[in-house]
Amino acid sequence: MGPVRVTAIASLTPLEELEADPFLVDSRSQHAMCARWAAERGYIVSRELLVRGLRADHCVLWDGVRPGTDLFVAPSRRVLESALSSVEEFVAECARRGVRVETVGSAEPSYDAQMKARIHRRLSMPTAGYDGR
């Protein structure tokens, strides 16, 4: 059996919500949090999903997932609640398919005005070649 493959789930939250909830808008930080969690355990992030209100049985979630060797991870329950239409249905579907679902559980970063401005630039100018740095 090969290494554990991780599908990292991040919330696709509109830029308009940046002031009210910067972490849910900052998908890059959500995926980075999942990647650190996976690396600490020797797992490999094989897919990064960026979704909002997705059904638990949607094919995007399950494409290529192997029972017993793959798992889903999200930064927090809050992210799962935004990314999926029903966390309970998703957890039940994972159990039915023999796939684990985990949350990182680390504290969310604090966002100051400069960090929010970087996120805004990155998300509002993606076609201009701006990479967010």
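**Strand 3 within its sheet**

Five of the five residues of strand 3 are buried (under 20% relative accessible area, with a 1.4 Å probe and protein chains only), so this strand (a DSSP run of E, at least two residues) is largely enclosed by the rest of the structure. The model is predicted, so local features need pLDDT of at least 70 and side-chain atom pairs count only at pLDDT 80 or more, while totals for chains, interfaces and linings use all residues. Residues are numbered from 1 along each chain as its sequence is written, and side-chain values use heavy atoms, with hydrogens and water left out.

Reader: In which order do the four strands form the open sheet?

Author: Strand 1 and strand 3 pair (DSSP finds at least two bridges between paired strands) in the parallel sense over four bridges. Strand 3 is also joined by four bridges to strand 4, residues 100–103, and these two run parallel. The edge strands, each pairing on one side only, are strand 2 and strand 4, and the order is 2-1-3-4.

Reader: Which residue in strand 4 is the bridge partner of Val-73?

Author: Val-73 touches, through heavy atoms within 4.5 Å, Ala-8, Trp-37 and Glu-102, among others, not counting residues up to four places away in sequence. In strand 4, the bridge partner is Glu-102.

Reader: Which residues point the other way from Asp-70, Phe-72 and Ala-74 in strand 3?

Author: Asp-70, Phe-72 and Ala-74 point one way from strand 3, and these residues are buried. Those that point the other way, also buried, are Leu-71 and Val-73.

Note on methods. Buried < 20%, exposed > 50% of the residue type's maximum accessible area, 1.4 Å probe, protein only.
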